[in-house]
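Welcome, and please open the model in your viewer. We will go from one selection to the next and look at what is there.

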Amino acid sequence: KQKYYQMLESVGFIGSGMMASALMDGLIAKKALPGGPSSVTCSDIYHPSLQRAADKGYNISTTNGKVVSNAKSAVILAVKPNVIQTVCEDIAQTESDAVIISIAAGVTLKTLEESLPGRRVIRVMPNTPCLVGEAASAFALGKLANEKDREIVQTIFGSVGLAMEVSEKLLDAVTGLSGSGPAYVFQFIEALSDGGVRSGLSRDVATKLAAQTVKGAAEMVLQTGKHPGLLKDGVTSPGGTTIAGVEALEKGAFRATTISAVKAATKRSMQLGGISSEDIEHKFNL
């Protein structure tokens, strides 16, 4: 597990949906906020989300300005991209030294910095396993962000999984891999389960065994640090059952298809971000 780099003074969330709620709960569970739930202030236009936060002891507000003024360490923008501009206007009108962290898909650092002149900003691409404390997140620092800001974002997103720094130009690839990746893995788990059912197992048993197999294999990669191919070789004995199954996957172009899926999702992320097809092909070789 990642180290939690520093204690945070107080944090604000503009947007209190499922992802924001998971981050709040993660910070409390990892004791990253000395004041506990009272160190968090959040806002949302959807009342049930605010009520859920209030029930957990978090401070709630119907105005974004209060969230910003209460936050000493960071303000997380957990809203849809189409309202980012309005939210940034609210932030710009409120004095604060907190770093601004956006998880709004496709909103670039340039857009954030132009909307929030002089503010330190960070862009993060998390994924849905954040909801169960097992996120794979990547972040890119804005021009004014400093080392303390880096530690703050690592602390916040490290509280719900893995948080890795990349250059902003690679966030489309992150989207294609870990952002969209849970869907690929869900399909793989479903396919494993189908194989188990085809071979005589009940659906319930097959799905639980499939999911735990994926979870266990993933933990082996993370905990041992060994190359996945080496770990695969440790399971495949000569002439045995596993190599027969691996051969069937190779005949179905399993690896090539998976690579193509990541590539396709990366390209789509670039297209949604306004990158031309010509640049995608020639600059990024996709």
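Which residues make a nonpolar surface patch of about 300 Å²? Select Phe188, Leu192, Leu249 and Phe254, and you have it. Areas come from the Shrake-Rupley method with a 1.4 Å probe, and for residues only the protein chains shown count as cover.

A word on the model: it is predicted, so local features need pLDDT of at least 70 and side-chain atom pairs 80 or more, while totals for chains, interfaces and linings use all residues. Residues are numbered from 1 along each chain as its sequence is written, and side-chain values use heavy atoms, without hydrogens and water.

Stay with Leu249, in helix H11 (residues 241-251); helices are DSSP runs of H or I with at least four residues, strands runs of E with at least two, numbered from the N terminus. Leu249 is partly exposed at 37% relative accessible area, between the limits for buried (under 20%) and exposed (over 50%).

Next, select Gly15, in the loop between strand E1 (11-14) and helix H1 (18-29). Gly15 is buried, at 7%. Beyond neighbours within four places in sequence, Gly15 has contacts (heavy atoms within 4.5 Å) with Ala20, Ser43, Asp44, Ala78 and Val79.

Finally, zoom out: the chain has 13 helices and eight strands, and 39% of its 286 residues are buried.

Technical notes. Buried < 20%, exposed > 50% of the residue type's maximum accessible area, 1.4 Å probe, protein only. Patch = residues over 30% accessible without salt bridge, like charges linked within 9 Å, V, L, I, M, F, W, Y side chains within 5 Å. Salt bridge = Lys/Arg side-chain N within 4 Å of Asp/Glu carboxyl O.
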